[in-house]
Amino acid sequence: MRYPDTEDHRLHTTVATESVTLPSPVFMGNDGQSLATGAGDGWNNMGMPPTSQVRVLIVDDHALIREGLSQLFSLEDDIEVVGEAVDGFTALEQIRQLHPDVVLMDINLPVVDGIAITRQVTQQFPGVAVIMLTMHRQNQQIVEAMRNGARGYLLKNASARDVAQAIRTVHAGGVAISPSLTGVLVNELRRQPESTSPAGQHVAQLSEKEVEIIRYLAAGMSNKEIAERLAYSEKTVKNYLSIIFQKLHLRDRTQVAIFALRQGLLPDEEL
């Protein structure tokens, strides 16, 4: 079931975060060729063939939440709940067995919190996108979740339509943030000292076309959307991004987006 877009209920999507320094890539492989998780190249990063439905794993220690979400998603033609988990360790095992495309993750979980498990997911299963679905709106938790690999952050008072759209957005390679939290995230990132940026990041290294692609990426556009805007193939866009990662010494698109924020390369409103 799809919902008509309205201005009052449109979920804002953005890419304005960076990842912490981790020993393995976050969100994508080192070759830069798998930016849209679970889609685009015929096979996803876990070796599973593509399907018309987005496979979702729900991780929450409250049965009422898990059951409620499962019932809501049963109304969506393109979303399939493939499993549930009550804690992080069970979630990791379920991911190995069920190969979900997207994980809905609570922060407060038994034994190990959801942010720590999200970091493990992005390290071990880079083809899986994690959305934090939580009651917490503390600034630091939002930033830490996104730094540790989350591709979305929604509050549990979000509408069913917003959660479903967020799942579609991250599955397509974008990032989804509740509108009420976007300003908090951007402000927190802007407060960080410039010294936290990796060395050697200069706009002068980039071609005009590379800067344009960075601006589109910072607007939350997926590879497919960027390709359509530029009349390129998705493979060409991925090749451009791979070059951008190498020039800026960055691993993934979220780090590129925070570079855009700090360099004043955020897109104009008309984008």
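User: Which residues does His202 touch, not counting residues up to four places away in sequence?
Analyst: Let's start by placing this residue in the predicted model. His202 sits in the loop between helix H6 (179-191) and H7. Its C-alpha is 7.3 Å from that of Leu248, although the two are 46 residues apart in sequence. Setting aside residues up to four places away, the residues that His202 touches are Leu248 and Phe259.

User: Is His202 buried or partly exposed?
Analyst: Good thing to check next! Buried would require under 20% relative accessible area, and exposed over 50%. His202 has a relative accessible area of 48%, so its class is partly exposed.

User: Which residue has a side chain joined to that of Glu210 by a polar contact of 2.9 Å?
Analyst: Glu210 is found in helix H7 (residues 208-218). Leaving aside neighbours within four places in sequence, Glu210 is in contact with Gln205, Tyr240, Ile243, Ile244 and Lys247. The polar contact of 2.9 Å runs from the side chain of Glu210 to that of Lys247.

User: How are H8 and H9 oriented: roughly parallel or roughly perpendicular?
Analyst: Helix H8 (residues 223-230) packs with helix H9 (residues 234-248), their axes 8 Å apart and at an angle of about 105°. Angles of 65 to 115 degrees count as roughly perpendicular. H8 is therefore, relative to H9, roughly perpendicular.

User: Which residues of H9 make the contact with H8?
Analyst: Both helices contribute to this contact. On the H8 side are Asn223, Lys224, Ile226 and Ala227. On the H9 side are Glu234, Val237, Lys238 and Leu241.

User: In what order do the six strands form the open sheet?
Analyst: The chain has 10 helices and six strands. The strands pair in the parallel sense. Strand E2 (79-85) and strand E6 (176-177) are the edge strands, each pairing on one side only.

User: Which residue in E4 stands opposite Val102?
Analyst: E3 pairs with strand E4 (residues 129-134) in the parallel sense, over four bridges. H3 lies across E3 and E4, at about 170° to E4. Within E4, the residue opposite Val102 is Ala129.

User: Does Asp106 count as buried or exposed?
Analyst: Not counting residues up to four places away in sequence, Asp106 touches Val59, Asp60, Asp61, Gly114, Met132, Leu133, Thr134 and Lys156. Its relative accessibility is 5%, so Asp106 counts as buried.

User: Which residue with a positive phi follows H4?
Analyst: In helix H4 (residues 139-147), Ile142, Val143, Ala145, Met146 and Arg147 are buried. After H4 comes a residue with a phi near 115°, namely Gly149.

User: What percentage of the chain's residues count as buried?
Analyst: Let's finish with the whole chain. Among its contacts with a separation of 6 or more, 73% are between residues 24 or more positions apart. Of the 271 residues, the share that count as buried is 52%.

Methods:
Residues numbered from 1 in each chain as written. Predicted model: local features only at pLDDT ≥ 70, side-chain atom pairs only at ≥ 80, totals over all residues. Heavy atoms only, no water. Buried < 20%, exposed > 50% of the residue type's maximum accessible area, 1.4 Å probe, protein only. Contact = heavy atoms within 4.5 Å. Helix = DSSP H or I, 4+ residues; strand = E, 2+ residues; numbered from the N terminus. Polar contact = N/O pair within 3.5 Å; in protein donor to acceptor, adjacent residues only side chain to side chain. Pairing = 2+ DSSP bridges. Axes fitted to C-alpha atoms, helices over the stretch in contact; angles between N-to-C directions. Parallel < 35°, antiparallel > 145°, perpendicular 65-115°, else oblique.
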